[in-house]
Amino acid sequence: MSHIPPLDPHVAARKGFRESEERVKRFWTAVHVEATQGGWAVQLDGRVPKTPAHAPLVLPTATAARLLADEWAGQGEFLDPATMPATRLASTAIDRVSQAREPVADEIAAWAGSDALCYLAEGPASLVARQQRDWAPWRAWAAVELGCHLEPTEGIVHRAQDPAAVARVRDLALRLDDFALTGLATAVPLLGSAVLGLALHRGALGPDAAFDLSRLDEAFQEERWGVDAEAAARTAARRAEVTLLDQWFRALSD
């Protein structure tokens, strides 16, 4: 998801703009969300921005479209891709995930086969106790709410999970529309867990809780040894990504 929607080609032609050689300069004043065929679209001075594959940016809900509109409205003199994560999610859903739903679901299911919540430390005892206390309820939640029973193990040696559990996660992923599937495919590797990704998608976990569960081991080490500024900045950036994904899921359900 490293691309942002290109300029409307008609605008680009009028401005003589070449994206490969220049930064994209803001070319609009007003940003609106309007109902359109197939959903809701952002409009920039009445024009709908396009994805990298030149498809119109049309979202399934007005709330999701407003997430994008806020990003476009918040741009300064030049577009800053780093401040447009919802726009990148939408573009990825439209251009890529819609054309590769089964491979994307396969990748999500593969995470269930090596879910972080199933790999308990061999020590120290305080860390093991924390993992048992905090992770076991979410493995139980997955068994009851998702129909996906995953077995824990100690250490880092891979333990194969029941193929039926992995297949269940794949099936759940394929039930989602392209936009939610894109969010899930982003959340699961970020959290290292299909269970946490699905819990975030369903609203069973908030973004901070999901992120804290995903980095329980890391936080334990930080408590013992401290954390430097660079590591803290990376953690904050990842937490912000999870927060955005939670907003994305909630917006899609409105």
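Colleague: Which ring does the charged end of Arg23 sit over?

Modeller: The ring of Phe78. The charged end of Arg23 is 4.2 Å from the ring centre. The rule here: NZ of Lys or CZ of Arg lies within 6 Å of the ring centre and within 35 degrees of the ring normal. Note that this is a predicted model, in which local features need pLDDT of at least 70 and side-chain atom pairs count only at pLDDT 80 or more, while totals for chains, interfaces and linings use all residues. Residues are numbered from 1 along each chain as its sequence is written, and side-chain values use heavy atoms, with hydrogens and water left out.

Colleague: Now the sheet. In what order do the strands run?

Modeller: Strands of a sheet pair through backbone hydrogen bonds, either parallel or antiparallel. Here three strands form an open sheet, ordered β1-β2-β3, with antiparallel pairing. Strands are DSSP runs of E, at least two residues long; helices are runs of H or I, at least four; both are numbered from the N terminus. Two strands pair if DSSP finds at least two bridges between them.

Colleague: Which are the edge strands?

Modeller: β1 (31–36) and β3 (58–59), each pairing on one side only. Strand β2 covers residues 39–44 and pairs with β3 over two bridges. Ala41 stands opposite Val58 in β3.

Colleague: How is a pair of aromatic rings described?

Modeller: By the distance of the centres and the angle of the planes. Rings of Phe, Tyr and Trp (its six-membered ring) pair if their centres lie within 6.5 Å. Planes under 30 degrees apart are stacked, over 60 edge-to-face, the rest tilted. The count comes to four aromatic pairs. One of them is Phe27 with Trp28, edge-to-face, at 4.9 Å centre to centre and 80° between the planes. Both residues are buried (under 20% relative accessible area; exposed is over 50%, partly exposed in between; 1.4 Å probe, protein chains only). Ring pairs link Phe27, Trp28 and Trp72 into a cluster.

Colleague: What about Phe179 and Trp248?

Modeller: That pair is tilted: 6.4 Å centre to centre, 50° between the planes. Phe179 lies in helix α7 (residues 178–191) and Trp248 in helix α11 (residues 229–253), so the pair ties together parts 69 residues apart in sequence. Phe179 is buried at 12% relative accessible area. Trp248 is buried at 0%.

Colleague: On to charges. How many salt bridges are there?

Modeller: Side chains of opposite charge can pair when their charged atoms come close. A salt bridge needs a side-chain nitrogen of Lys or Arg within 4 Å of a carboxyl oxygen of Asp or Glu. The count is 15.

Colleague: Which salt bridge partner does Arg168 have?

Modeller: Asp171, with the closest N and O atoms 3.5 Å apart. Both lie in helix α6 (residues 163–174), three residues apart, about one turn of the helix. Arg168 is partly exposed at 25%, and Asp171 is partly exposed at 33%.

Colleague: Where in the chain are Arg239 and Asp212?

Modeller: The two meet in a salt bridge of 2.8 Å, N to O. The pair links distant parts of the chain: Arg239 is in helix α11 and Asp212 in helix α9 (residues 207–214), 27 residues apart.

Colleague: Is Asp246 buried or exposed?

Modeller: Buried, with a relative accessible area of 14%. Its salt bridge partner Arg250 is partly exposed at 27%. Their N to O distance is 2.6 Å. Both lie in helix α11, four residues apart. Elsewhere, salt bridges that share partners join Arg215, Glu218, Glu222 and Arg238 into one network.
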